[in-house]
Amino acid sequence: TRFYRINFVRRWVSTTTNGVTLAQSDETVVVETNHYFPPESVSTGFFTENDRHTTCHWRGVASYFDLNR
């Protein structure tokens, strides 16, 4: 069994590229140093869903998106 360190962050976090904000929230979840943003905080117009999917025992099926350039 693998144990994950999970932290619920209550501070403002954002991610940007080329000066464009892709996601921002004050309620991210950090798992092993990766911030997970709530879906409603992501600017979906900058992404296109791809065919990749993985399964995690605690979060279920994950879908992946490509950043539009």
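Me: Which residues lie nearest the centre of the largest pocket, and how many line it?

Reply: Keep in mind that this is a predicted model. The largest pocket has 21 lining residues. Nearest its centre you'll find Tyr36, Phe37, Val42, Ser63 and Phe65.

Me: What makes a residue part of the lining?

Reply: It needs an atom within 4 Å of a point of the pocket. Tyr36 and Phe65 are among the residues that line the largest pocket, so each has such an atom.

Me: Which strands supply at least two residues each of that lining?

Reply: They are β3 (20-25), β5 (34-36), β6 (47-56) and β7 (60-67). The largest share comes from β7, with four residues. The space in this pocket comes to about 850 Å³.

Me: How do the residues of that lining divide by class?

Reply: Twelve are nonpolar, six polar and three charged.

Me: What lines the second largest pocket?

Reply: Here the lining is Thr17, Asn18, Val20, Leu22, Phe46, Leu67, Asn68 and Arg69. By class that's four nonpolar, three polar and one charged. Arg counts as charged, so Arg69 is the charged one. This pocket holds about 150 Å³ of space.

Me: Why do β1 and β4 count as paired?

Reply: Two strands pair if there are at least two bridges between them. Four bridges join β1 to β4 (residues 28-31), so the pair qualifies. The two run antiparallel, and asparagine 7 stands opposite valine 30 in β4.

Me: What makes β1 and β5 edge strands?

Reply: The open sheet has three strands in the order β1-β4-β5, with antiparallel pairing. β1 (6-9) and β5 each pair on one side only. From one strand to the next, the twist averages 30°.

Me: How do you know that arginine 10 and glutamate 27 form a salt bridge?

Reply: Their closest N and O atoms are 2.6 Å apart. The cut-off is 4 Å, so the pair counts as a salt bridge. A search of the whole structure finds one salt bridge. The pair links distant parts of the chain, 17 residues apart: arginine 10 is in the loop between β1 and β2 (13-17), and glutamate 27 is in the loop between β3 and β4.

Conventions: Residues are numbered from 1 along each chain as its sequence is written. This is a predicted model: local features need pLDDT of at least 70, side-chain atom pairs count only at pLDDT 80 or more; totals for chains, interfaces and linings use all residues. Side-chain values use heavy atoms; hydrogens and water are left out. On a 1 Å grid over the protein atoms alone, a cavity is a set of points where a 1.4 Å probe fits but cannot get out, and a pocket is an open set with protein on both sides within 12 Å along at least five of seven lines; lining residues have an atom within 4 Å of a point. Grid points are joined across faces, edges and corners, and a volume is the space filled by probe spheres set on the points. Axes are lines fitted to C-alpha atoms, for helices over the stretch in contact, and angles run from 0 to 180 degrees between N-to-C directions. A salt bridge is a side-chain nitrogen of Lys or Arg within 4 Å of a carboxyl oxygen of Asp or Glu.
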